[in-house]
Amino acid sequence: MEKNLLEVEDLEVRFYTYEGIVEAIDGANLILKEGETLGLVGETGCGKSVTSLSVLVLVPAPGKIEGGKVILKTSKGSIDLLKQDEAHLRNMRGDDVSMIFQDPRSALNPVYSVEDQVAEVFMHHRLKELVSKVLEGIEKDIQKSGSFKRFILGYEKKLYEKMLKNPKSLSLRTFSKIPIANRYRRRLREEARKDVVRILGAMKIPEPERVADMYPHELSGGMAQRVVIAMALGCNPELLIADEPTTNLDVTIQAQILELIREMKGKFGSSVLYITHDLGVIAELCDRVAVMYAGNVCELGDVVEIFKKPLHPYTQALLESIPQPGKPFTSIEGEVPSLINPPIGCRFNPRCSKASDQCTKQKPRFVEVSKDHFVMCHLYRGGS
């Protein structure tokens, strides 16, 4: 049986602004299965990025997650991310769950090299593995060194053994400031660099050794995005969130990035939540799709089934608005509503040609109308 990796249940997010309370996410529901790519699609401002940030519990102020559950079921167990403290979440971000952000320029720090920024992921989440490799190297050096050097290496070995047991110990931090002990940092950085070069090479970055020494301003847009993907995949996360990672890239580089994500998904075994407004990308890359409108997931199901037989009027209108040869262009009438004062009932009702009185009074339920095909519409079994 297919296992659910991520379950978002009745998620509610509000932004408290001077203009009023923005009801950004209003009871959204999502299911991401293990090993699949789930596309999250909708118009600008529908809540796609806020949903992804809620999964990481990184909604920026003045936003606040006010309800719901975000259940992550990894190989380590099942937890509700919204109930975890910040220390636990910090250990999970970049390890169990990673994110490729929309703009690589804002995701990379301009004053640090590529090596510094990618290595930070390994130093935070894979420190013990790096230390174990360093200890193996020290053991080899001890065996072929003279007595004085063995004496120095013995102290170095003790330092790393202590780090292996307790990376945050005060004595370790104090000892690391002694000039003769600074070589411990060099060994650790050398091991981290090997991993940085390896992951950059896996991203098909030419000359990864040279790129590791470069700074963000020296990278092209496509290269910067590959570095961000390398940071996200460095620790083999079980869930990878990609928030419109091909924005502002030309079509050739977009195609390369999409192919890279597909390849890396197979290589690293991650499940992917792919956020976009491009239905063409959804059709090309995703196994299932969730359609969002004004803070609600209005339809969720297999990508082929939804493209062939969309149920929700918004999904139907979205697909009909795709330009097609020989057919007149059709747009969705009206505008996306203000989420400070959203429509009562179904939020799509002011733009829906099938709306009834019930749609203007009662919010519909998110129901399963066929196997793994969910829809939020009064045309399919009433309201809550």
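Reader: Which exposed residues sit on the face of α6 turned away from its buried side?

Author: The model is predicted. Exposed here means over 50% relative accessible area. On the face of α6 turned away from the buried side, the exposed residues are Ser147, Lys158 and Lys165.

Reader: Which residues of α6 are buried?

Author: The cut-off for buried is under 20% relative accessible area. In α6, the buried residues are Leu153, Glu156, Leu159, Tyr160 and Met163.

Reader: How wide an arc do they cover around the axis?

Author: The residues in question are Leu153, Glu156, Leu159, Tyr160 and Met163, buried in α6. They lie on the same side of α6, because the arc they cover around the axis is only 110 degrees.

Reader: What span is expected for α6 at 1.5 Å a residue?

Author: Helix α6 runs over residues 147-165, which is 19 residues. From first C-alpha to last, α6 reaches 27 Å, and that is close to the expected value. At 1.5 Å a residue, the expected span is 27 Å.

Reader: Which element gives the largest share of the lining of the largest pocket?

Author: The largest pocket has a volume of about 640 Å³. Of the 22 residues that line the largest pocket, Arg93, Gly94, Phe101, Val121 and Met231 are the closest to its centre. Two or more lining residues come from each of β6 (97-100), α4 (114-125) and α10 (221-233). The largest share, 6 residues, comes from α4.

Reader: How much space lies in the largest cavity?

Author: There are 3 cavities of 30 Å³ or more. The lining of the largest cavity includes Tyr293, His312, Arg347 and Lys363. By class, that lining has 6 nonpolar, 3 polar and 2 charged residues. The space in the largest cavity is about 70 Å³.

Reader: What is the volume of the second largest cavity?

Author: Its lining has 7 nonpolar, no polar and 1 charged residues. Among the residues that line the second largest cavity are Val55, Leu81, Met92 and Arg93. The volume of the second largest cavity is about 40 Å³.

Reader: How far from Cys377 is the nearest cysteine sulfur?

Author: A disulfide needs two cysteine sulfur atoms within 2.5 Å. The structure holds 0 disulfides. Cys377 is in no disulfide, and the nearest cysteine sulfur is that of Cys359. That sulfur is away by 6.2 Å.

Reader: What is the relative accessible area of Cys377?

Author: Buried means under 20% relative accessible area. Cys235 is buried, at 1%. Cys377 is also buried. Its relative accessible area is 7%.

Reader: What distance separates the C-alpha atoms of Asp103 and Thr246?

Author: Asp103 is in the loop between β6 and α3 (104-107). At 32% relative accessibility, Asp103 counts as partly exposed. Along the chain, Asp103 and Thr246 are 143 residues apart. Their C-alpha atoms are separated by 8.6 Å.

Reader: What share of the residues in the protein is buried?

Author: The secondary structure comes to 14 helices and 12 strands. The C-alpha atoms fill a box of roughly 90 × 45 × 45 Å along the principal axes. The protein has 384 residues, and the buried share is 51%.

Methods:
Residues numbered from 1 in each chain as written. Predicted model: local features only at pLDDT ≥ 70, side-chain atom pairs only at ≥ 80, totals over all residues. Heavy atoms only, no water. 1 Å grid on protein atoms, 1.4 Å probe; cavity = no way out; pocket = protein on both sides within 12 Å on 5 of 7 lines; lining within 4 Å. Points joined across faces, edges and corners; volume = space filled by probe spheres on them. Helix = DSSP H or I, 4+ residues; strand = E, 2+ residues; numbered from the N terminus. Expected span 1.5 Å × (residues − 1). Buried < 20%, exposed > 50% of the residue type's maximum accessible area, 1.4 Å probe, protein only. Arc of directions from axis to C-beta. Nonpolar A, V, L, I, M, F, W, Y, C, P; charged D, E, K, R; others polar.
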